[in-house]
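Reader: Please take one part of this model and go through it closely, with the cut-offs behind each term. I would like to follow it residue by residue.

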Amino acid sequence: RIILQNLPLLIHQFSLRMEKGGRHGTNEDLEEMMVNSNAKNKLSDKLSKIAQKELSILCRVSELLIDRRSANTNTANSDASTSTTETMERMIHLLLPHLNPLKLSKKSPVVRERIQTDILGIVTKFLPLISSEAGLAHFQTLSKLLGPIAGQPGMSNGRIRGLVISSLETIANTKTSSDGGVVARNENEAAGSLKKLKQVVQTLQDLNAMNPKYIEEFDFDVLVPALNRLGNDDGADGSWLDLVQNPSKGPGNGTRSKISSARILTPLLYHLLHSLHATDGVITRGSFAALKALITTAKNHHQEHNDDNLWRNLIETTLVPCLKNGIGGNGGLSTTVDATRRLQILLLAHVIRTFHDSERVHLHGDLFPLIREDDLDLDFFLNLTHVQAHRRCRALARLRKVLNSSTGVNS
């Protein structure tokens, strides 16, 4: 009861400490502890342990907010209920950055899993209780958690990935008349867009379906059909285009199609990029085919509809940077698995081939002369990913020749 009475103050103090980056103690204490490298390491360990304890307490205390909000709702105390809702929104905003895998990389798997479970458990409980617009604002952040990390595989724990998908499902089940720039363009299309978002989440669940009979094994009877549907670029059921296409009636024109924001596809995109790192060939080949179909679909439809920039930006700002991170550019760490790097290079080549007439710099249409569809033996990207060393050397020699040519690709 004492905690409940002082809950706003407690949450406020924790929030301030998290916003300040976990600075503990006075400046004099910090300077004294950082006299030498050993003391600096001790300080880092101490602050890490303190922050971990604070985060654990914060997650446990946050559960009391749900009871507090329910009590305020039952007593018709609208002001207190609104205040509690705003506190929940602030808590989600503060907790989600701590799910960043790079921040958790130095922790043991047990500690990392406990932190992720605590935070995602709280977020999943809070999302239905806050405003729909505030929940949708976290859509992109949660989607990124399903993707690779700086060129390396992302979260591999199936249970943690399931919690992320549950959070996205909660967002998809919200009722809203506006989208905050995420899933719909206006009030009339919001309902249809949320329905499509539910389809996206359902596809995510299919791609992460686990076999009920075997531990830590995917249910390929569910997973493979979902991958095959995404591999279609003709608008068939379950394809990329189908997942964003809202049929609607136009006056005197019969049935016509409207395309909701392509950004609702980002969780699927990130998941498939993560799946390129899988050890199972069925998953990697299916993910590769699905991503190629996305690139083709984006090119075929980005000029036919009003939201052409959304299709192009999905490729330019989400897919291409992840591919470059995996290959080793763009500040990424580069994958150490040759098979994964090969798929990433071939996907980048497909982007270049498909958008070669685009003036967007980050779509790398200037590299199109390196692609030779008339003579595959001279194709730079195919040679670069060839199993034989002399073919890879041939690719680099051709690149040097083209860069030195005055009529070739600009360096």
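Author: Glu-113 counts as partly exposed, at 26% relative accessibility. Here buried means under 20% relative accessible area, exposed over 50%, and partly exposed in between, with a 1.4 Å probe and protein chains only. This is a predicted model, in which local features need pLDDT of at least 70, side-chain atom pairs count only at pLDDT 80 or more, and totals for chains, interfaces and linings use all residues. Residues are numbered from 1 along each chain as its sequence is written, and side-chain values use heavy atoms, with hydrogens and water left out.

The side chain of Glu-113 forms a salt bridge with that of Arg-159, at 2.8 Å from N to O. The term stands for a side-chain nitrogen of Lys or Arg within 4 Å of a carboxyl oxygen of Asp or Glu. Glu-113 belongs to helix H7 (residues 109-126) and Arg-159 to helix H10 (residues 158-172), so the pair links distant parts of the chain, 46 residues apart. Helices are DSSP runs of H or I with at least four residues, strands are runs of E with at least two, and both are numbered from the N terminus. Arg-159 is partly exposed as well, with a relative accessible area of 45%.

The whole structure holds eight salt bridges. Another of them joins Lys-299 and Asp-357, whose closest N and O atoms are 3.0 Å apart. Lys-299 sits in helix H15 (residues 281-301), whereas Asp-357 is in the loop between helix H17 (338-354) and helix H18 (380-384), so this pair ties together parts that are 58 residues apart in sequence. Lys-299 counts as buried, at 18% relative accessibility.

The salt bridge of Arg-341 with Asp-338 also has its closest N and O atoms 3.0 Å apart. Both residues are in helix H17, three residues apart, which is about one turn of the helix. Arg-341 is partly exposed at 21%, while Asp-338 is exposed at 57%.

The loop between H17 and H18 also contains His-364. This residue has a positive phi of about 55 degrees although it is not a glycine, and at 18% relative accessibility His-364 is buried.

The axes of H12 and H15 come within 8 Å and cross at roughly 25 degrees. Axes are lines fitted to C-alpha atoms, for helices over the stretch in contact, and angles run from 0 to 180 degrees between N-to-C directions. The two helices are therefore roughly parallel, as angles under 35 degrees count as roughly parallel, over 145 as roughly antiparallel, 65 to 115 as roughly perpendicular and the rest as oblique.

On the H12 side the contact is made by Phe-220, Leu-223, Val-224, Leu-227 and Leu-230, and on the H15 side by Val-282, Ile-283, Gly-286, Ser-287, Ala-290 and Ala-293. Contact means heavy atoms within 4.5 Å. The residues of this contact divide into nine nonpolar, two polar and no charged. Ala, Val, Leu, Ile, Met, Phe, Trp, Tyr, Cys and Pro count as nonpolar, Asp, Glu, Lys and Arg as charged, and the others, Gly among them, as polar.
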